[in-house]
Amino acid sequence: MASTFIIPLTTLPVGTRNLGPAAAGDAERSILLTIDRTVAGGLNSLTPASEVQADVMQSGDSGVTWRLQVGGTMPGGVLGNSSTLRVDLFPGMARLLRVTLTVSGPSPVAVAGSLVTT
Amino acid sequence: MAVAFDAVGPSSAGAGGTSISSLSWTHTNVAGNAALTVGCSYDNSTDAGVTATCKVDSVLITAATGNVESDAQTAGFAKAWTALGLASGARTVLVTYSSAGADLEGGSVSYTGAGGFAAAATASGTLSTSASVTVTGTAASSLVFGFAAAGDSINATSAPATSRFVNNLVGSAGNSTGNCAGSTSAGGGSVTCAWTLASSTNSAAIAIEVTAAAAGGSPQAQPGQTWLRRFHHRQVLLPPGPPAAAAPGAAGTIQPAPTFPQPRRRPARAVWAGISGSTGIRGTSQPYPAAQFPRRKPARAVWAKITGGISPGGSPQEWPTVPIPRLRPARAVVEFTPVTTTNQVPAVAPAGTIQPPPTLTPPRLRPARAVVEFTPVTTTNLVPGQQQPPPTFPQPRRRLVRAVIRGQAGTIGIPGKPQPEPTFPQPRRKPARAVIEFTPVTTVNQAGAAGPAGTLQPRPTLTWPRKRPARASTALLLHPVRTVNQPAAPLVVPVNPLPNGGSTEGALWEMARTGKWPERPPGFGPVGPVPSSSAVPPKPGERGWVGKRKRRFSWPKQDE
């Protein structure tokens, strides 16, 4: 059963912001993070000097420790409608997911998207 | 010792993303001193000039291949990296490209018993339903890592290879890649790594022989991020050499101790290296942890329970089962006797009504002014009297007051009472004024007499020249000469018939004779008959009066 966690439209200043955590079902195996690049002030409206480093983290101990599942650098500029990251979840029970977005560059970046677990 | 599979990262599904320039995942190798191979696929409409690097825990690792283009075009390529000596545990694998791709896919495989890597074999496929690459001359103890990137989904790994990961991220939407797979195959001679594809598409494939460690095992890596050098040929341990001679003692002197206190070294902090292609460590310092670390428990003394000693027996005190609250800082306590206070009964409210507030704005208070009330008093001037006549004799000048003390013999001080202070202000004494008495005299104008006949001479209409001060010297009176230039005719100077040649003396002569001022300017002399010789010329030094106003002149003496 798929679960979708919406990342509401928000403008992130330069720096790091954590989104979540969200609980992943025990039967879910993979995650897909999607960042909409077409929103106003989003990545498609910026230059490659602006970047968003997106990391999907997973915790198996109720958030005490986190491990990277997948990460990617999403640069500014017109590069399609969305940037995505896909990876399998580490097996376990009572898993938590968190998205860490790190904005670098000359200006804030508007992001919106979703985290889907399947 | 043969090479064996250890772990795959991040999982059998690999990792992937779209519209990104870097891809990272966690690889957890079980064994220590493990070898690692990383494969990653770059898919884009063009990849000309794109470079890629790979880091493990922020340390660059060795590229096993260059960019292996799919279909030998520039629409996507595959690339592989290798590393040795990984400590066990979770490792972050980061693959970074110089330019963002439409999609990236990758995965990693770790090995045990590996001692190095042989040269990699690469292949590019064009419009085929399979992707394959062959590596030759492999050892039986080796393991071959195969990696493929294709423009359509990768269905399976052909036997006898073992599939380690498959990531069909974009399926048939890839340019020339967009899907990847990793596998391992046992070594021994020529080894082919092959995959079947969902459709006829382009592909790129890489095969790397992971060679076994030499007998005795490969040198152990030191704790921490220490990577061993990668060799492309088998490594043979050299036989042990003769024992080294004892090194002579170091010459020189011992460095003296510092004479000033050395600052304490700060604890090292991990530095996050930048992700974008960098060969060095850069970036910003790792931030301080947001979570609060638990407080370290205080050390407890444990009684060693020495047998036969003087110490008493027993066992160490058990740890408390409930959390011990942290000691609060001591606070001063003030003891006092509580006092009960009782409020008084409220007083009865006064009767009446409250005056309503004014509806008009009250005027601003004016400053108070003093009012003096008095009764008018009519005063009558006294009858004027006569002023006191002045004294008829000179008043002596008043002497200065001098205090006189008439002391009595044998006593000190002045007897009597001092004069009291005046009860009213003393007027200031005015200075004395002299008074002159005189008898007023009445004057009467005389009857008006007839005025002189005639009319008054009108005032002059011209400005009279200022009269020059008279000068007594006759010479000065006679010397000024007035000349008038005639317009054209030559000046005719009549010959002065005067005996003296028309000189000043002649004019004086004329004046003395006639008692008049000469009608002509002096010097020209009168024109007319020569005065008779009867005229008596003045003598030198004689004085007389000339003219109507009887101007006095003197004839200069002969010797003047």
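Asn33(B) counts as buried because its relative accessibility is 17%, where buried means under 20% relative accessible area, exposed over 50% and partly exposed in between (1.4 Å probe, protein chains only). This residue lies in the loop between strand 2 and strand 3 (34–43) of chain B, strands being DSSP runs of E with at least two residues and helices runs of H or I with at least four, numbered from the N terminus. Asn33(B) is not a glycine, yet its phi is positive, at about 55 degrees.

The model is predicted: local features need pLDDT of at least 70, side-chain atom pairs count only at pLDDT 80 or more, and totals for chains, interfaces and linings use all residues. Residues are numbered from 1 along each chain as its sequence is written, chains are lettered from A and ligands numbered from 1 in the order in which they are written, and side-chain values use heavy atoms, with hydrogens and water left out.

**Interface of chain A and chain B**

- The contact (heavy atoms within 4.5 Å) involves 22 residues of chain A and 24 residues of chain B.
- About 1500 Å² is buried between the two chains, and carbon and sulfur atoms give 44% of that area; buried area is the accessible area (1.4 Å probe) that two parts lose on being put together, summed over both.
- Of the area that chain B buries against chain A, 27% comes from Ser19(B), Ser24(B) and Thr26(B), more than from any other three residues.
- Between chain B and chain A, 10 residue pairs are in polar contact, both residues at pLDDT 80 or more. A polar contact is a pair of N or O atoms within 3.5 Å; within protein, one must be able to donate a hydrogen and the other to accept it, and residues adjacent in sequence count only if both atoms are side-chain atoms.
- On the side of chain B that touches chain A, strand 2 (15–29) and strand 9 (89–112) each supply at least two residues.
- Strand 2 of chain B gives the most to this side, with 13 residues.
- This side of chain B has nine nonpolar, 15 polar and no charged residues. Here Ala, Val, Leu, Ile, Met, Phe, Trp, Tyr, Cys and Pro count as nonpolar, Asp, Glu, Lys and Arg as charged, and the others, Gly among them, as polar.
- Strand 5 (residues 67–75) of chain A pairs with strand 2 of chain B in the antiparallel sense over four bridges; two strands pair if DSSP finds at least two bridges between them.
- Opposite Ser22(B), in strand 2 of chain B, stands Thr73(A).

**Chain A overall**

- Chain A has eight strands and zero helices.
- Of the 118 residues in chain A, 47% are buried.
- Taking contacts in chain A between residues at least 6 apart in sequence, 78% join residues at least 24 apart.

**Asn44(A)**

- Asn44(A) sits in the loop between strand 3 (30–36) and strand 4 (51–59) of chain A, and counts as buried because its relative accessibility is 18%.
- Its C-alpha atom is separated by 5.7 Å from that of Gly76(A), 32 residues apart along the chain.
- Beyond neighbours within four places in sequence, Asn44(A) is in contact with residues including Arg37(A), Thr38(A) and Val78(A).
- A polar atom of the Asn44(A) side chain lies 3.4 Å from the backbone nitrogen of Leu79(A).
- A polar atom of that side chain also lies 2.9 Å from the backbone oxygen of Gly80(A).

**Backbone geometry**

- Most residues other than glycine have a negative phi, and most peptide bonds are trans.
- Ser62(A) has a positive phi near 60 degrees and is found in the loop between strand 4 and strand 5 of chain A.
- With 63% relative accessibility, Ser62(A) counts as exposed.
- The peptide bond from Gly9(B) to Pro10(B) is cis, with omega near -15 degrees; Pro10(B) is in the loop between strand 1 (4–9) and strand 2 of chain B.
- Ala159(B) and Pro160(B) are also joined by a cis peptide bond, with omega about 10 degrees; Pro160(B) is in the loop between strand 13 (154–157) and strand 14 (162–168) of chain B.

**Salt bridge**

- Over all chains the count is one salt bridge.
- Asp57(B) and Arg91(B) form a salt bridge through their side chains, at 3.2 Å from N to O.
- The two residues are 34 residues apart: Asp57(B) is in the loop between strand 4 (52–56) and strand 5 (59–60) of chain B, and Arg91(B) is in strand 9 of chain B.
- Asp57(B) counts as partly exposed because its relative accessibility is 21%, whereas Arg91(B), at 12%, counts as buried.

Key
A salt bridge is a side-chain nitrogen of Lys or Arg within 4 Å of a carboxyl oxygen of Asp or Glu.
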